[in-house]
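Have a look at it, then read on.

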Amino acid sequence: MKIKQATTLAHPNIALAKYWGKRDYGHNLPAVPSLSVTLAGMTTATTVTFDPDLKQDQLLLGGQQASAQATSRVTGLLDRVRTQSGVTEKARVVSANDFPTAAGLASSASAFAALALAASTAAGLHLSPEEVSNLARLTSVSAARSVFGGFAELRAGWPKDEKLSAQQVAVPEHLPLRIVVAVVTEGPKAVSSTDGMAHTVKTSSYYASWVERAPGIFGRVKRAIADKDLEALGVAAEESAFAMHATSLAATPALIYWTGTTLDVLAEVRRLRAVGIGAYATIDAGPHVKVMCAPEDEIEVAKVLGAVPGVLRTIVTRPGPGARVFTAAEERNQTDSMTYESISTAYVTLDLDSGDLETQSVKS
Ligand code: 2P0
């Protein structure tokens, strides 16, 4: 009997035009369009095995049994795959990140993009990338974008939408771009993205204005990418991030994802611009600052940000590939993100090492 198993790789993404807030039509639909860049160099690897001996779905994250809450989110996606494929077995899901879990940079985006592709492949479904993206989105909106490499957009949802998938707008090589991540805290954030945006939708008096303004900013981000215009992209991406955080700050009680170090890094980014270096900041639902710049400025930007008191370290990333089924031969050819050896090591350590489950699935 053929074993129903697949292993996949996926990367986190950073939204340049942010998604924040869901429609209330059901189906986990975003209220605003978003556009992101999928990152090379940080990888989630996930294996799904449908096993007739299992009584319930099992989830191992970073080598440890996951919480009931995390497992139930995964079961939601697996149930959709079982319904569509006719597979009835429960599944064992083993997932690990090759980036430090304690950095608070792990992402539900790479986790659910990898899971959607692995589960559907293991079940024998031959889904298109758009179908995988839709499957991932139903569990985590940002994951829809990580199915695609380079730059990917996801439009806002509308009342009749049951299916909604991201699509690629440009390949990774389209725009020479570096993103320097200034890591400012360890560990998971206090309020998850899902809870934070629900609270914002419910209580923020600025939410309506965010929903009205976001499509215009999205349009400018998209145009700047098409034009390969880093300055226009950076300015629009900063506006998107600040508008998203403004709507959260206006929630009751206020939702504040920043720390003092976040503001210190933002001041440094402005100082860099004042001396002629094209550096632009974006911040997700957490305190870390992600700074876009041209490849020739990455060393200087990383040096300056790394010297800000409170910054624990910097990580330099660039646009990377989308989710894909893991094959040893494919990985040996890959030079930019990660090596076959390092992924193999991640696998070997899965059963032996322990890791913090919750931080693995929390988006920074
Ligand atoms: C984004 N974020 O566009 C925005 C910017 C965080 C800030 O998408 O509830 O994990 O699973 O759909 O996708 C994080 O939220 O939330 C997110 P759910 P998700 O990347």
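Strand β12 is covered on both faces: Val 289, Val 291 and Cys 293 are buried on one side, and Lys 290 and Met 292 are buried on the other. In a regular strand, side chains alternate between the two faces of the sheet. The strand spans residues 289-293, and five of its five residues are buried. Here "buried" means that 20 or more other C-beta atoms lie within 10 Å of a residue's own, "exposed" means 12 or fewer, and "partly exposed" is in between, with C-beta atoms placed from the backbone. Helices (H or I, at least four residues) and strands (E, at least two) are DSSP runs, numbered from the N terminus.

A word on what you're looking at: this is a predicted model, where local features need pLDDT of at least 70, side-chain atom pairs count only at pLDDT 80 or more, and totals for chains, interfaces and linings use all residues. Residues are numbered from 1 along each chain as its sequence is written.

So who sits beside β12? Strand β10 (residues 178-183) runs antiparallel to β12 and is joined to it by five bridges, with Ala 182 opposite Val 289. Strand β11 (residues 280-282) also pairs with β12 in the antiparallel sense, over three bridges, and there Ala 281 faces Val 291. Two strands count as paired if DSSP finds at least two bridges between them. A hairpin of six residues links β11 to β12.

Now for Ile 315, which lies in strand β13 (residues 313-317). Is Ile 315 buried or partly exposed? It counts as partly exposed, because it has 19 C-beta neighbours inside 10 Å. Leaving out residues up to four places away in sequence, Ile 315 touches Val 181 and Val 183; a contact means that the C-beta atoms of two residues, placed from the backbone, lie within 7 Å.

Axes are lines fitted to C-alpha atoms, for helices over the stretch in contact, and angles run from 0 to 180 degrees between N-to-C directions. A crossing is left-handed if the near helix is turned anticlockwise from the far one by less than a right angle, and right-handed if clockwise.

| Helix pair | Axes come within | Crossing angle |
|---|---|---|
| α1 and α2 | 10 Å | roughly 35 degrees |
| α2 and α3 | 9 Å | roughly 120 degrees |
| α6 and α7 | 9 Å | roughly 165 degrees |

The α6 and α7 pair is roughly antiparallel, and its crossing is left-handed. Angles under 35 degrees count as roughly parallel, over 145 as roughly antiparallel, 65 to 115 as roughly perpendicular and the rest as oblique. The residues in the contact of α6 with α7 divide into twelve nonpolar, two polar and three charged. For these classes, Ala, Val, Leu, Ile, Met, Phe, Trp, Tyr, Cys and Pro are nonpolar, Asp, Glu, Lys and Arg are charged, and the others, Gly among them, are polar.

The α2 and α3 pair is oblique, and its crossing is right-handed. From α2, Phe 112, Ala 113, Ala 116, Leu 117 and Ser 120 meet Val 132, Leu 135 and Ala 136 of α3. That contact has seven nonpolar, one polar and no charged residues.

The crossing of α1 and α2 is right-handed as well.

Stepping back, the protein has twelve helices and 14 strands. Of its 364 residues, 53% are buried.
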